[in-house]
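Me: I am new to this structure and would like a close look at a single part of it. Please take me through the aromatic residues and what surrounds them, in one connected answer.

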Amino acid sequence: MGAANSEKRRLFEQEALPHLDVLFTAALYLTRNEEEANDLCQETMLRAYRFFHQFTIGTNCRAWLLTILHNIFRTSRTRAKPEHVSATLEEFDRAVEAESLKGASSAATPESIVSERTMDHNLQRALGDLPEEFKAALMLVDVEEMTYQDAAKVLDVPIGTVRSRISRGRALMRQALAPLPGMRGFARAHNQES
């Protein structure tokens, strides 16, 4: 039995662990809270390990893990809906400092870093304000770069529903971002894509 468990662990580490960053990003977009995202990722990995015998080696492990993550998230949201907690000033300061260190060799200025962070904040807020079904579809296709077919499997909906949610979600994002300075070009560019 010990050899079987060590083989299961080795395969799990090989197949599932490389997707941990993707899972955390998805969890963060869904929960909008770092602590909840960590909890969601941990629960996802525990459940994935417990049911790893149901995973078919050679298939899309990222999609399988994201399906588990979305199922756990949906289940937790039907039980209780915690309120949104905004990022703290301390988190913002750390992010600005990290960006300035990253951009130290480039021509990054404090003003450009704050402007970029504000733009990121506006994008995140617009995405976060979307209804859950649109946010999940956009996150999987536009952020995680999944195919419509894989996103449909993760969300457990027909592919046509994913296409509709992507289209409507992008339209809502354009509306939310159009009035912002510097986003008019974004809105025009995405209007031409659709």
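Reply: The charged end of Lys8 is placed over the ring of Tyr49, at 4.4 Å from the ring centre, in what is a predicted model. Tyr49 in turn belongs to one aromatic cluster, which it forms with Phe12, Phe52, Phe55 and Trp64.

The structure contains 5 aromatic pairs, and one of them joins Phe12 to Phe52 in an edge-to-face arrangement, with 5.3 Å from centre to centre and 85 degrees between the planes. This pair links distant parts of the chain, since Phe12 lies in helix α1 (residues 2–15) and Phe52 in the loop between α3 and α4 (61–79), 40 residues apart. Phe12 counts as buried because its relative accessible area is 7%, under the 20% that sets the limit for buried residues; Phe52, with a relative accessible area of 5%, is buried as well.

Phe52 also pairs with Trp64: the ring centres are 6.2 Å apart and the planes stand at 65 degrees, so this pair is edge-to-face. Because Phe52 sits in the loop between α3 and α4 whereas Trp64 sits in helix α4, the pair ties together parts that are 12 residues apart in sequence. Trp64 is buried, its relative accessible area being 18%.

Among contacts between residues at least 6 apart in sequence, 64% join residues at least 24 apart.

Conventions
Residues are numbered from 1 along each chain as its sequence is written. This is a predicted model: local features need pLDDT of at least 70, side-chain atom pairs count only at pLDDT 80 or more; totals for chains, interfaces and linings use all residues. Side-chain values use heavy atoms; hydrogens and water are left out. Contact means heavy atoms within 4.5 Å. Rings of Phe, Tyr and Trp (its six-membered ring) pair if their centres lie within 6.5 Å; planes under 30 degrees apart count as stacked, over 60 as edge-to-face and the rest as tilted. Helices (H or I, at least four residues) and strands (E, at least two) are DSSP runs, numbered from the N terminus. Buried means under 20% relative accessible area, exposed over 50%, partly exposed in between (1.4 Å probe, protein chains only). A charge sits over a ring if NZ of Lys or CZ of Arg is within 6 Å of the ring centre and within 35 degrees of the ring normal.
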